[in-house]
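Please keep the sequence and the three-dimensional view at hand while reading.

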Amino acid sequence: MRGERIFLLAVPALGFLLIVYAVPLAMLLAKSVQTPAGFSLSEYASFFADEYNIRVLSRTLRVAGLTTLLALLIAYPTAFAMSRAKGPMLTVFLVALVLPMSLGVVVKAFAWSILFRANGFLNSTLQWIGLTEKPVRMLFTETALVVGAANVFLPFMVLPIYAVVRQMDSRLPDAAASLGATPLFRFFHVTLPLTLPGVVAGSAFTFSMAISMYVIPSLIVGERQQTLSMLIARSFLYLRNEPLGSTISAVLLAIAVFVVVFSSWLARRLGARQ
């Protein structure tokens, strides 16, 4: 009886999700397998048979993976620094981390495009200190896209790791050190295993968002290096090819769902070991 009352409380939210999310998504997926002759997977076959689409897919996965890796390398020590900070210093960390999230993605991506320009701050600084004689090509490169995306998604990597680190007993590495464990041994056998749930959660968040980003690559690399999300926009807005756009959307959705399911399974396995 109590379970039924709880379910009734969730009915409005479930109904809202059904109307604004599930139904449009089902229509989108149905369009990818609908042809004048009926049900068909020909759009998927055509998509994976095109070498250009495969290159875009591999580029999207590579950019998302590098973005996640760069964000992790920055977020991991940042989370530990935040966990040890107290009072005003912790407030500074949290404000510096959360405040940029209040800005739109367009603003942050456009700011990076300004920094990466030939006459931008980075090139001007490099020439001023004498490292380069002429501007270095930064804008419209994959490296610029990875750096800009990692900056935008960094809070979603830091916060899950920080939440796990805050709950970790700080005496455990010291206890391992008292038994003669080296710093590397303490990190790989004590610290890292205990923080892996936060790493997995943050990586799943970051990768899922990086693989589906549209505004950031549009402003930083433009049309020169297409991603799956940019192909979807071009299919719907310019080519007016709804079956193709729906097919690419389904492929992107399948990748995102796989990442979420795999990360959830991995988090449960890690939790069971501890």
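A residue is called buried when its relative accessible area is under 20%, exposed when it is over 50%, and partly exposed in between, using a 1.4 Å probe and protein chains only. The structure is a predicted model, in which local features need pLDDT of at least 70 and side-chain atom pairs count only at pLDDT 80 or more, while totals for chains, interfaces and linings use all residues. Residues are numbered from 1 along each chain as its sequence is written, and side-chain values use heavy atoms, with hydrogens and water left out.

Consider the salt bridges, each defined as a side-chain nitrogen of Lys or Arg within 4 Å of a carboxyl oxygen of Asp or Glu. By this rule there are 2 salt bridges. One is formed by Arg 62 and Glu 142, whose closest N and O atoms are 2.9 Å apart. This pair joins distant parts of the chain, since Arg 62 belongs to helix H3 (residues 51–84) and Glu 142 to helix H7 (residues 142–167), 80 residues apart. Helices here are DSSP runs of H or I with at least four residues, numbered from the N terminus. Glu 142 counts as buried because its relative accessibility is 19%, whereas Arg 62, at 38%, is partly exposed.

Another salt bridge connects Lys 31 with Glu 242, with 3.4 Å between the closest N and O atoms. Here too distant parts of the chain are linked: Lys 31 is in helix H1 and Glu 242 in helix H12 (residues 242–273), 211 residues apart. Lys 31 is partly exposed at 31% relative accessibility, and Glu 242 is partly exposed at 39%.

Helix H3 also contains Thr 68. With a relative accessibility of 9%, Thr 68 counts as buried. Its side chain reaches the backbone nitrogen of Phe 207 at 3.5 Å. Leaving aside residues up to four places away in sequence, Thr 68 touches Met 157, Ser 203, Thr 206 and Phe 207, where contact means heavy atoms within 4.5 Å.

Helix H11 (residues 228–237) is mostly covered, with 7 of its 10 residues buried. Among them are Leu 228, Met 230 and Ile 232.

What, finally, makes up the nonpolar surface patch of about 1200 Å²? Its members include Phe 7, Leu 8, Val 11 and Met 27; Phe 7 is placed in helix H1 (residues 2–31). Such a patch consists of residues with over 30% relative accessible area and no salt bridge, with nonpolar side chains (Val, Leu, Ile, Met, Phe, Trp, Tyr) joined within 5 Å and like charges within 9 Å. Accessible areas come from the Shrake-Rupley method with a 1.4 Å probe, and for residues only the protein chains shown count as cover.

Technical notes
Helices (H or I, at least four residues) and strands (E, at least two) are DSSP runs, numbered from the N terminus. A polar contact is a pair of N or O atoms within 3.5 Å; within protein, one must be able to donate a hydrogen and the other to accept it, and residues adjacent in sequence count only if both atoms are side-chain atoms.
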